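This report examines one protein structure for a reader who is new to the subject. Please look over the sequence and the structure before reading on.

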Amino acid sequence: MLSKKSALLAAMAAGALALSACGGGSDDAASEEASGLNLVAEGALTVCSDIPYPPFEFEENGEYTGFDMDLMKEIAAGMDLELSVQDVGFDGLQSGAVLGARQCDIGASAVTITEERKANLAFSDPYYDSLQSILVPKGSDITSIDDLAGKKVGVQQGTTGATYAAEKAPEAELVQFPSDAEMYAAIQAGNVDALLQDLPVNIGHTEDGAFTIAEELPTDEQYGFIMAKTGSEELVAAVNEQLKTLRDNGKYQEIYDSYFAE
C-alpha cells in the first residue's frame with residue numbers, strides 16, 4: 001500500500017501526464033498553422049463553387065459531383081483533409097470577394113485563367129483546356145458566330161464567355177444571366193436565340209435532341225482552381241503537388257474520361 005506522500009506524488013505525476021496528453025491538440029494546431037495552409041476550418045478543405053454547372057459541378061443523389069468536385073475530393077484526400085463544399089455565386093467567386101472574406105479556402109468552378117483575374121486571385125496549375133461554343137435550337141439559321149448580329153444571345157455574367165461574346169459578336173444583343181440554369185431555361189422558353197458559353201456545358205444541353213452546337217470556338221482557355229491572392233502560397237503549392245500526383249498515377253485521366261471521353 002502506498003504512503004500518503006507516495007500517493008500524492010503519483011497523483012501529481014498522473015495529472016502532469018494528462019495535461020501533456022491534452023496539450024497535443026495545441027501542438028497539432030500549431031503544426032497546421034506553421035504549415036502555412038491557413039485553412040478556414042481545421043482539418044477540412046473548404047471549397048466554393050457555383051452549382052449547378054454540369055459536367056463540372058452538379059448535385060446528384062444529394063451529393064456534389066462533377067469533374068471539378070471529383071478532383072477536389074482526390075486533392076483533399078491526398079492532403080489528409082475532409083472536403084466541405086459551399087454553393088456560391090460565380091461573380092463573387094471569380095472576383096475574389098468570396099475568398100477574400102474567408103468563406104472558403106479554394107474555388108473550383110470552371111474558372112478560366114486570365115491576366116485580369118490574376119490581379120485578384122492566385123491560380124493553381126491549369127487542369128482543363130476549354131473551348132467556347134454556341135448552342136442553338138435544332139433547325140436554327142444560326143450556324144456561326146457571324147450569324148449572331150441582331151440576335152439575343154444568353155451569356156453568364158462575369159465569365160470569359162460573356163467577354164468573348166462582347167468582343168467577337170458586337171452586334172448581338174447580349175442577355176446576361178447569373179448561371180447556366182437560367183440561361184438554359186431562357187433558350188428553352190424562346191427568350192434568347194442562342195447561348196454562348198463553355199463547350200462541355202452546352203454539349204450537356206444537346207442530349208434531348210432539341211438543341212445543337214452551331215459552332216465550337218477555339219480560345220486557348222484553361223481552367224485553374226482559385227485561392228486568395230495573398231497568404232495562400234503554401235496551399236497553392238500543395239494543390240499543385242496533388243494535381244501532379246493525380247496525373248502521374250492515372251487518377252486524373254480516369255476522372256477526365258468518365259466525363260469527357262466520347
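## Overall make-up

The model described here is predicted. The protein contains eleven helices and twelve strands. Of its 262 residues, 43% are buried. Among contacts between residues at least 6 apart in sequence, 70% join residues that are at least 24 apart.

Strands of a sheet pair through backbone hydrogen bonds, and the pairing can be parallel or antiparallel. In this protein, five strands form an open sheet with mixed pairing, and their order is β9-β8-β10-β7-β11. The edges are taken by β9 (173-177) and β11 (211-223); each has a single partner strand, so one side of each is left without a neighbour in the sheet. On average, neighbouring strands of this sheet are turned by 25° against each other, with direction ignored.

Strand β7 (residues 128-137) and strand β10 (residues 194-198) run antiparallel and are joined by four bridges. In this pair, Ile 134 stands opposite Leu 196 of β10.

## Two helices in contact

Two packed helices are described by the angle between their axes and the distance between the axes. For helix α3 (residues 67-78) and helix α10 (residues 233-248), the axes come within 9 Å and cross at roughly 110°. Because angles of 65 to 115 degrees count as roughly perpendicular, α3 is described as roughly perpendicular to α10.

Which residues make the contact between α3 and α10? From α3 come Leu 71, Glu 74, Ile 75 and Gly 78, while α10 contributes Val 239, Gln 242, Leu 243 and Leu 246. Sorted by class, the residues in this contact are five nonpolar, two polar and one charged.

## Helix α8 and its buried side

Helix α8 (residues 180-188) has the buried residues Asp 180, Met 183, Tyr 184, Ala 186 and Ile 187. These residues cover an arc of only 160° around the axis, and therefore lie on the same side of α8. An α-helix has 3.6 residues a turn, so residues three or four places apart point the same way.

What covers the buried residues of α8? The covering elements include the strands β7, β8 (152-156), β9, β10 and β11, together with helix α9 (199-204). Just after α8, Gly 190 adopts a positive phi of about 80°.

Note on methods:
Residues are numbered from 1 along each chain as its sequence is written. This is a predicted model: local features need pLDDT of at least 70, side-chain atom pairs count only at pLDDT 80 or more; totals for chains, interfaces and linings use all residues. Side-chain values use heavy atoms; hydrogens and water are left out. Two strands pair if DSSP finds at least two bridges between them. Helices (H or I, at least four residues) and strands (E, at least two) are DSSP runs, numbered from the N terminus. Axes are lines fitted to C-alpha atoms, for helices over the stretch in contact, and angles run from 0 to 180 degrees between N-to-C directions. Angles under 35 degrees count as roughly parallel, over 145 as roughly antiparallel, 65 to 115 as roughly perpendicular and the rest as oblique. Contact means heavy atoms within 4.5 Å. Ala, Val, Leu, Ile, Met, Phe, Trp, Tyr, Cys and Pro count as nonpolar, Asp, Glu, Lys and Arg as charged, and the others, Gly among them, as polar. Buried means under 20% relative accessible area, exposed over 50%, partly exposed in between (1.4 Å probe, protein chains only). The arc is that of the directions from the helix axis to the C-beta atoms.
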